[in-house]
Amino acid sequence: EAAEEGYKKSLEIAEAAYGGNHSRVSDCLADLGNFYVKLGRYEQDITPLHSTPPPLSTQYLLSKAEPLYQRAIKIRETALGTDHPLVAAGLNYLAYLYGAQGKYDLAEQLYQRSLSILEKGHEDDHPDVLSTRNKLAWIYFKHGT
């Protein structure tokens, strides 16, 4: 609970200091979203393997991350443009969340968009390009395509 409050306080301070559409606010939003995703994955990992779907608390935590990621992406698109690498990073966060929720079609679309952005600004062997390709391959595997 202290960790969550710390992330929320950072977000509150950033919004007060910079306004709601600043890149520092988008970073705080992404950090809070990552906290919920990691906490949700932890909850899922400690649940017995035979329980499916994930417990309500896990789905609740994962669902709390979605609007944070979406808002962070919008701020970055407005501030930096739709083809900026930080937009691609935000798309990757949201795609990972959708993959964790079994929403493979949505995850695939976001990873493809992210990869397209990254390929415009980087060589094929850039770590971000390679990482996003691997994440997209993981979605293909999970989705059975």
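Biologist: Is serine 26 buried or exposed?

Modeller: This is a predicted model, where local features need pLDDT of at least 70, side-chain atom pairs count only at pLDDT 80 or more, and totals for chains, interfaces and linings use all residues. Residues are numbered from 1 along each chain as its sequence is written, and side-chain values use heavy atoms, leaving out hydrogens and water. Buried means under 20% relative accessible area, exposed over 50%, partly exposed in between (1.4 Å probe, protein chains only). Serine 26 has 0% relative accessibility, so it counts as buried.

Biologist: Which side chain does the side chain of serine 26 join in a polar contact?

Modeller: Serine 26 sits in helix 2, residues 23-45. Leaving aside residues up to four places away in sequence, serine 26 touches Ala72, Ile75 and Arg76; touching here is contact, heavy atoms within 4.5 Å. The polar contact, at 3.2 Å, is with the side chain of arginine 76.

Biologist: How far apart are the end C-alpha atoms of helix 5?

Modeller: Helix 5 covers residues 104-121, 18 residues in total. The expected span is 1.5 Å times one less than the number of residues, so helix 5 should span 26 Å. The end C-alpha atoms agree with that, at 26 Å.

Biologist: Which helices are included in what covers the buried residues of helix 5?

Modeller: The buried residues of helix 5 include Tyr104, Leu110 and Leu118. Their cover includes helix 4 (85-100) and helix 6 (127-143).

Terms used
Helix = DSSP H or I, 4+ residues; strand = E, 2+ residues; numbered from the N terminus. Polar contact = N/O pair within 3.5 Å; in protein donor to acceptor, adjacent residues only side chain to side chain.
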